[in-house]
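Here is my note on the model you sent. The points are numbered so that each can be taken up separately.

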Amino acid sequence: MTTLAFFDSIPWEMILWAAGKSLFVIFGVVLPLVSYTVYAERRVSAAIQDRVGPNRTGFPTTLLGFKKDLQLFLGGLGQPIADAMKFILKEDFTPAGVKHFYFWLAPCLAMLPLVSLAFIPFGSSLFGEKMVIANVNVGVLGIFAVTGCSVYAIVLAGWASNSKYPFLGGIRSSSQMIAYELSMGLSIIPVLMLFGSMNLSDLVQYQADNGWLLLPLWGNGLSTERWLMLIPLTISFIIFMIAVFAETNRLPFDMPESETELVAGYHTEYGSMKFALFFLGEYAAMIVGSALMVVFFFGGWHIPLIPDGNGVGGLSFLHALPDWVWGIVNITAFFGKVAVILVFFIWVRWTLPRFRFDQLMKLGWLYLFEIALANIFLAAAVLAFTSN
Amino acid sequence: MNPILFYLFSILMLGFGIAVVANRNPVASAMSLVVSFFCLAALYVGLDAYFLASIQVVVYAGAVMVLFLFIIMLLDLKAEQRRKFNKLAIGGGALVALAFAAQLVGVLGSHPRGDKPFPELKLPVGESLNDLQHVGETLFSLHTLPFQVIGVLILVATIGVIVISKRELK
């Protein structure tokens, strides 16, 4: 093959679109969303505990001799920027006796949850291009593949630190993640049985045409089948949500880093930006979990009566505006729904006490797993009953 | 599949496969095996076998190797690193490997199809490849009985593991 023919054989347009979408999703949306989720966590926890929280950080105009910092429009919105600066500028300290290679590798692997965003449709379409990075037929499996591998970061961090508490945190985390991965995978099967495909873009399109899985109010959603399926789907949703809490190590299930028992769990020995990467990874995993809930159960980018980016559906007078406006509205709607679920995550963290480790294992193996398994048969029975 | 990507992932896979055997540290071996699995999954993706690639990562990298790592970390790592090389075992292993390679070369060289490339596989016109659906349909129509027999076998193995591990606890 000559060099020229080789360059022609590379699908440049596809590569550019994929790179553009990846860069947009990761740097334009998810990393800002992560930092502002941390900010939201601090403000919501403050509100729940009747405090004020960080409400002052603005542009540091005091450095230039002014009397006050320049406030952004809500006050405190500069806090994530200040946090990031602090993490970057701190001394990067590596304790003696750690396994260096794995000690460095673990925080890098902690950012792995971002990969699963490639499979999630974050919008309908913009200028005729589908707003999903990898539109493959095995989207669901791909996400579970990435989720299954995200345990390595925690296990390696715990082991490489060469210290008691991180090791305990790592061991706890691997058994917890294995236990809840099963319930998570099984709880999604009723959704796949109803829909009959693993392509997440098609799943969202189906919900846009026929009613969200948990809100079947239009199209095919008004059939007996869909309303009867609400029973197994609601059970699926609850199990999936609990499993996401466990997979992302959020309180009630934050065993790997429970502060009162394990200092800080697997990242006890980490500081500066390496610790920040674990922190970002945890919040990125939360965003992925919320995005999955939105895609599976709450119609993804779809809002009723609003057309999609191809100018299909919705109220007819809205078509007066160009299609790309609605494409952007769809993307905003998706991340808006994700934000609502993120606030729910935070709310739960500051409301519920922590489980004990044996209770956690018992809940995962003895209840959630069995209920998820029985739920599949319930869904099959409903589908068989209504198809006649 | 782009030949450059094929050679890249093949070399990476084989390299990390050798690292699994060559490493003295069991955790390093296990992590090399994980990377090797990922490269194999990448090769599957290059063949448009997305389902197989995902399953490869879910089952091997996501479940089996996590359990391996879990066990390795609970065991004493120092014993393996301190162990001396057994020269006789290395010689014997090399001999067996060489004999196997020679036999492989002999069989592949004598096979009549080996001297011409495979015909290119073409999908029926207007049909997109949905490997997930194809695998499911084949598994539940053509191979239903073997599939169910394997299910029963795995169930037996699971029950056996539970019985044995419970007995040790007493």
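1. Gly128(A) sits in the loop that links strand S1 (125-126) and strand S2 (129-130) of chain A. The model is a predicted one. Gly128(A) counts as exposed because it has 10 C-beta neighbours inside 10 Å, and a residue with 12 or fewer is placed in that class. Gly78(A) is 50 residues away from Gly128(A) along the chain, and the C-alpha atoms of the two are separated by 36 Å.

2. Two residues of chain A deserve a look at their backbone angles. Most residues other than glycine have a negative phi. Asp50(A), which is not a glycine, has a positive phi of about 60°. Asp50(A) belongs to the loop between helix H2 (12-48) and helix H3 (79-89) of chain A. With 6 C-beta neighbours inside 10 Å, Asp50(A) is classed as exposed.

3. The other residue is Asn162(A), whose phi is also positive, near 55°. Asn162(A) lies in the loop between H6 and helix H7 (164-195) of chain A. Asn162(A) has 16 other C-beta atoms within 10 Å and is therefore partly exposed.

4. Apart from neighbours within four places in sequence, the contacts of Ala160(A) are Val98(A), Lys99(A), Tyr102(A), Phe103(A) and Ala106(A). Between Ala160(A) and Lys337(A) there are 38 Å in space, C-alpha to C-alpha, and a separation of 177 residues in sequence.

5. Turning to chain B, its secondary structure consists of 7 helices and 0 strands. In sequence order the pattern is α-α-α-α-α-α-α. Of the 170 residues in chain B, 18% are buried. Taking contacts in chain B between residues at least 6 apart in sequence, 55% join residues at least 24 apart.

6. Chain B is assigned domain 1 (1-104) and domain 2 (130-170). The C-alpha centres of domain 1 of chain B and domain 2 of chain B are 25 Å apart.

7. How many residues does each chain give to the contact? Chain A supplies 15 residues and chain B supplies 16 residues. On the side of chain B that touches chain A, the largest share is from helix H3 (residues 50-74) of chain B, with 13 residues. By type, the side of chain B that touches chain A has 13 nonpolar residues, 3 polar and no charged.

8. One helix pair can be described across the two chains. Two packed helices are described by the angle between their axes and the distance between the axes. Helix H5 (residues 139-149) of chain A packs with H3(B) at an angle of about 20°, and the axes are 8 Å apart. Angles under 35 degrees count as roughly parallel, so H5(A) and H3(B) are roughly parallel to each other. The crossing of H5(A) past H3(B) is left-handed. In this contact, H5(A) contributes Leu141(A), Gly142(A), Phe144(A), Ala145(A), Gly148(A) and Cys149(A). H3(B) contributes Phe51(B), Ser54(B), Ile55(B), Val57(B), Val58(B), Ala61(B), Gly62(B) and Ala63(B). The contact of H5(A) with H3(B) is made up of 10 nonpolar residues, 4 polar and no charged.

Note on methods. Residues are numbered from 1 along each chain as its sequence is written. Chains are lettered from A and ligands numbered from 1 in the order in which they are written. This is a predicted model: local features need pLDDT of at least 70, side-chain atom pairs count only at pLDDT 80 or more; totals for chains, interfaces and linings use all residues. Two residues are in contact if their C-beta atoms, placed from the backbone, lie within 7 Å. Helices (H or I, at least four residues) and strands (E, at least two) are DSSP runs, numbered from the N terminus. Ala, Val, Leu, Ile, Met, Phe, Trp, Tyr, Cys and Pro count as nonpolar, Asp, Glu, Lys and Arg as charged, and the others, Gly among them, as polar. Domain bounds come from an automatic or database domain assignment. A residue is buried if 20 or more other C-beta atoms lie within 10 Å of its own, exposed if 12 or fewer, and partly exposed in between; C-beta atoms are placed from the backbone. Axes are lines fitted to C-alpha atoms, for helices over the stretch in contact, and angles run from 0 to 180 degrees between N-to-C directions. Angles under 35 degrees count as roughly parallel, over 145 as roughly antiparallel, 65 to 115 as roughly perpendicular and the rest as oblique. A crossing is left-handed if the near helix is turned anticlockwise from the far one by less than a right angle, and right-handed if clockwise.
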